[in-house]
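Welcome! Have the sequence and the 3D view ready as you read.

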Amino acid sequence: MTQRSILVGQIWHEGHSFNPIRTREEDFIVLRGPQLLDEARATSTALSGIVKTAEALGYHCVPAISARTRPGGAIEQTAFERIADQFIDAARQGGFDAICLDLHGATLAEKTLDPEGYLLGRLRDTVGRDMMISVALDLHAYLTPEMVEHATVMTSFRTTPHADIEETGARAMRLLDGLLDTGTAPRAVYSLIPFLTRGNDETWSGPLLGIHAVADEWRSRPDVADLSIFNVHPFLDVPGYGQVVLAYDMGDGSAVAACKDLSERLWNARDQFQEQLMSVNEALTIAQTSGQLLALGDQGDRVMGAGPGDSPEIARIALRDFPDLKVAVPVYDPQAVARAREAGENAVLRMPVGGGFTLSVDPLEAHWTVARLCRARFTNIGPYMAGTEADFGNAAVLKSGAVTVIVTDLAPNVHDPAFYEAVGLPLAGQQVVVARAANHYKLSFAGIARTITVDTPGLTAFRPHQFPFSKARPFHPLDKIDWSFTPRLYDGASASHYPEQFT
């Protein structure tokens, strides 16, 4: 039997329509050829799951391109188009039997609001209607009808924090393998539920715990090929916005029933997706007496949620109210890094840090000692994104009393303890460290620190009324919505068929 080949690739960027800092081409880590495959085998991403599973099943992997960057503002349009062009160029070369991709699903470009739908449409035009295309997606994808139309099958992470990233890539590849064996594409059923979550949306607690348990019951049925729930990234101003349920069957109607059940459960629970987080003062009070390292998630300014990472709010409160507490906070501030590098190590500077991009956050001015100058580059020790390289640019470790601020000239997407070791701040010497994340850092700090996500201001706070949404509306809770289950059917017999509305 002739060995089958799979075209594999990755685009990973999570966008934010209200983050003013554009994502540039140089912000991407781009891999091609054998280097792409080598990294996939050595790390734990969805692309890793695709490549490892494909090779275990006896496929030959044909690398297209891997373009990965931290979450942030929209990608500069020319940069996005060049990345997409490289995907299409690889597809035009041929030499493969199917395609399996790792796409985030909430990518955003300056002029392209649905980059994944655009890319998949161009791929479909290039390879034809009969080529099988399988996609692994983030649970927070902005899933569009165009994406469903052009892909043969798509499957998402099932956990938040995302503990099943590699597993999802493996599932996407196994689904593709089964479809190639039968030669028959599944039917997709897509349902949009127009509301945003405002917290309380981790899958190990709250309303999603029960909803995913029901989803697992549907998935256990042999007539349901796959089933995904997408809790859309809540900072995109894009049309057709909200939660999505996507189900696949072979045409017997079971996907419709599954989709209806879960969509109605989500809608009925819509006001349960909010929570009251602990304040910074409450968390720092715990740190004073606990004797245990605390890792605080900065809810309002998560780079992991595509915020800029420029808020010094936790450091401000620590300096003002807890001056003897050893607290370390990463802050995006290229100007402060430049001043510290010009002054040199051991210099003392009176200067503001942070607050350069988020209008609701003020800079923090203090006397700072430049304790260290370094490059904030390291490898994540995981388990979240284990083995992947992170680079937050040049860094300056600034100290004011017991409080340390690490300023960087690239947005500090801190969710892994390896960051602190990389900048010369061993965790054993701290009482509190801050992550620029709200959920996923809990995986990587587990067993190392007590994790608490705190209520802070910024561009990733769950306060939708504070953002100038226009294209995304109407959606709950900003608008009064009279919703009923109205799915879209995509006939698996042809990936190029336009969807049929039905009830």
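Searching the whole structure turns up 0 disulfides. A disulfide is a covalent bond joining the sulfur atoms of two cysteines; here the test is a pair of cysteine sulfur atoms within 2.5 Å.

Cysteine 61 is buried, because its relative accessible area is 4%. (Buried means under 20% relative accessible area, exposed over 50%, and partly exposed in between, using a 1.4 Å probe and protein chains only.) Cysteine 259 is also buried, at 0%.

## How to read this model

This is a predicted model, in which local features need pLDDT of at least 70 and side-chain atom pairs count only at pLDDT 80 or more, while totals for chains, interfaces and linings use all residues. Residues are numbered from 1 along each chain as its sequence is written, and side-chain values use heavy atoms, with hydrogens and water left out.

## Rings that pair up

How many aromatic pairs are there? The count is 18. Rings of Phe, Tyr and Trp (its six-membered ring) pair if their centres lie within 6.5 Å; planes under 30 degrees apart are stacked, over 60 edge-to-face, and the rest tilted. Tyrosine 332 and phenylalanine 357 are stacked, because their ring centres are 5.3 Å apart and their planes meet at 20 degrees. This pair links distant parts of the chain, 25 residues apart: tyrosine 332 is in strand β14 (residues 327–332), and phenylalanine 357 is in the loop between β15 (348–353) and β16 (364–379). Helices (H or I, at least four residues) and strands (E, at least two) are DSSP runs, numbered from the N terminus. Tyrosine 332 is buried at 11% relative accessibility, whereas phenylalanine 357 is partly exposed at 31%.

Phenylalanine 392 and phenylalanine 419 make a tilted pair, with 5.8 Å between centres and 45 degrees between planes. Phenylalanine 392 lies in strand β17 (residues 389–400) and phenylalanine 419 in helix α12 (residues 418–422), so the pair ties together parts 27 residues apart in sequence. Both are buried: phenylalanine 392 has a relative accessible area of 4%, and phenylalanine 419 has 0%.

## A cluster and two charges

One aromatic cluster is formed by Phe18, Phe235, Tyr241, Phe462, Phe467, Phe469 and Phe475. The charged end of arginine 302 sits over the ring of phenylalanine 462, 5.0 Å from its centre. (A charge sits over a ring if NZ of Lys or CZ of Arg is within 6 Å of the ring centre and within 35 degrees of the ring normal.) Arginine 270 likewise has its charged end over the ring of tryptophan 267, 4.0 Å from the centre.
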